[in-house]
Amino acid sequence: MRRIFFAIPLLMACSSATTDEATVASSSGDTSTTSTGGQGGMSASSASDASSSMSSSTGGASECTLAANTTATDVVNGFGCARLNRDASACLAARTAQGLTGDWLKFSCRVKLTVDTSGATPFVLVEADSRPDYKSNYFETEDACWDDYKVPGKATPNLIMPQTIKTKVPLTPSGGGTDKKTNDAGVAVNGVWIFNDAAAPPDDIYKAVNSFDRCGGHPDPQNGGTYHYHIEPNAISSDDANLVGILRDGYFVYGRRDGDNSLATGLDVNGGHTGTTTHSPMTPVYHYHVVEQTSTTAGTLGQKAWFIAIGKFHGQLLK
Ligand SMILES: [Zn+2]
Ligand SMILES: [Zn+2]
């Protein structure tokens, strides 16, 4: 089943599905739940047979090459998304040769990291294509990466299309930022854009949650199919302290928890605080966490979701 591809050249903005395009491929054996709370309120559950459901939906003869160098863990969310381990050993030497250390070395090799120290502010050029490293119902059904999951609500109309992410991230971040986080707030460890906690007005991000694939992402319905995250991406982090990615101001963002497995506390309005991290285990540094927020909007009042990028950037962006 092919879906119509909309490529309306509007500003990059996310909305809940605003078209009447609601058909998604469905088949028997779908293990998804239909919680009205969507994925935002999901927490990790124990292993289930959901992963076998994922692998049964090849949609093609070949393997999903985007998933190369990943292995599924037994942490699977209620929608059948397995948290993945990512083997970045193939690009380790190239990264350490550039002086990259710590959590920079956890990024998938699908993400190209280039250090530039030629200017006044050394930066890392982060390049990726914003496609997920797992199967999604938002690939074409003929694609080896297509997954037969049926979203609980309306599907977004676009399919996932490869993008060209090129963003400069300060190697040594500094505070004093004033920019509000936008739809290009950062890049996840697997090279997927991290969007903020808002949908394009008048749409409601809490309704958009019901358009997410099993792992918590969806393609932009208005901007050529840019796959992205708003909420805790369960193929990366499921109620844990895992590295989620880097925001454009150079500060890392982690899951709900700190390294001692306690829920992050004392977060500021931008979702961050200062403490030790896996990147800086001895010296406290500023960092972000995914943050639970509750809808105050009629229609989704009281619904909760764990967003990745809220408020403003703590640090300064490279223009
Ligand atoms: Zn979105
Ligand atoms: Zn923390």
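**Starting from one pair**

I began with tryptophan 193, which stands opposite histidine 228 in E9. Both sit in a parallel pairing: strand E7 (residues 193-194) and strand E9 (residues 227-229) are joined over two bridges. For the record, strands pair if DSSP finds at least two bridges between them. Helices (H or I, at least four residues) and strands (E, at least two) are DSSP runs, numbered from the N terminus.

**Ground rules**

I am working with a predicted model, where local features need pLDDT of at least 70, side-chain atom pairs count only at pLDDT 80 or more, and totals for chains, interfaces and linings use all residues. Residues are numbered from 1 along each chain as its sequence is written, while chains are lettered from A and ligands numbered from 1 in the order in which they are written.

**The whole chain**

I found three helices and 15 strands in the protein chain. Of its 319 residues, 46% are buried, meaning that 20 or more other C-beta atoms lie within 10 Å of the residue's own; exposed means 12 or fewer, partly exposed is in between, and C-beta atoms are placed from the backbone.

**The sheet**

I traced an open, mixed sheet of eight strands, in the order E8-E9-E7-E6-E10-E11-E13-E12. Strand E8 (217-219) and strand E12 (272-275) are at the edges with a single partner strand each, so one side of each has no neighbour in the sheet.

**Strand E10**

How many of the five residues of E10 are buried? I counted five of five. On one side, strand E6 (residues 186-188) runs antiparallel to E10 over three bridges, with glycine 186 opposite leucine 247. E10 is also antiparallel to E11, again through three bridges, and here glycine 245 has valine 253 as its bridge partner. E10 and E11 make a hairpin with four residues between them, and glycine 250 in that turn has a positive phi of about 95°.

**The core**

Of its 66 residues, Ile194, Val244, Phe307 and Ile308 touch the most other members. Strand E10 (residues 243-247) gives the largest share, four residues.

**A loop residue**

Last, I checked threonine 265, in the loop between strand E11 (252-254) and E12. Threonine 265 counts as exposed because it has 9 C-beta neighbours inside 10 Å. Histidine 289 is 24 residues from threonine 265 in sequence and 9.6 Å away in space, C-alpha to C-alpha.

Technical notes:
Core = buried A, V, L, I, M, F, W, Y, C linked by C-beta atoms within 7 Å.
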